[in-house]
Amino acid sequence: MPADAPDRIQLLGATAQGRVILSFNARDFIALAQVYQQHAGIVLAAQQSWRLPDLIAALDQLLSETEATDWTGQVRWLNQWRIDRS
């Protein structure tokens with residue numbers, strides 16, 4: 001899928017493939033989740049609050065704690081899996 005595909009196309013494409021989508025565009029994807037309620041899952045994150053190593057660690061934690069079946073129709077914030085490295 002082209003990186004510049006509209007958000008709706010990205011969500012529908014991910015859903016068609018049974019994939020959860022990660023986005024920093026919370027406003028648009030929250031609205032899309034209300035329209036397309038049977039999506040395969042949406043993970044949201046605030047881009048400014050993540051360093052790349054922390055983002056990867058949180059995604060790794062998310063993947064180890066959840067199954068694909070947990071995500072249908074779900075919109076969740078990645079902060080839930082943020083690892084405190086202090």
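Which residues does glutamine 10 touch, not counting residues up to four places away in sequence?

Guide: Glutamine 10 touches Met1, Ala3, Ala5 and Ile21, leaving aside residues up to four places away in sequence; contact means heavy atoms within 4.5 Å. The model is predicted, with local features needing pLDDT of at least 70 and side-chain atom pairs pLDDT 80 or more, while totals for chains, interfaces and linings use all residues. Numbering runs from 1 along each chain as its sequence is written, and side-chain values use heavy atoms, without hydrogens and water.

Glutamine 10 is found in helix 1, which spans residues 7-16. Helices (H or I, at least four residues) and strands (E, at least two) are DSSP runs, numbered from the N terminus.

Strand 1 covers 21-23. An open sheet is formed by 3 strands in the order 1-2-3, with parallel pairing; strands pair if DSSP finds at least two bridges between them. Strand 1 and strand 3 (75-77) stand at the edges with a single partner strand each, so one side of each has no neighbour in the sheet. From one strand to the next, the twist averages 25 degrees. Strand 2 (residues 42-44) pairs with strand 3 in the parallel sense over 3 bridges. Valine 43 has arginine 76, in strand 3, as its bridge partner.

Helix 2 (residues 26-35) packs on this sheet and touches strand 1, strand 2 and strand 3. The direction of helix 2 makes about 155 degrees with that of strand 2; axes are lines fitted to C-alpha atoms, for helices over the stretch in contact, and angles run from 0 to 180 degrees between N-to-C directions.

Helix 2 also leads back to the helix that holds glutamine 10. Helix 1 and helix 2 pack at about 55 degrees, and their axes are 10 Å apart. The two helices are therefore oblique to each other (under 35 degrees is roughly parallel, over 145 roughly antiparallel, 65 to 115 roughly perpendicular, the rest oblique). Helix 1 contributes Asp7, Arg8 and Leu11 to the contact, and helix 2 contributes Asp28, Phe29 and Leu32.
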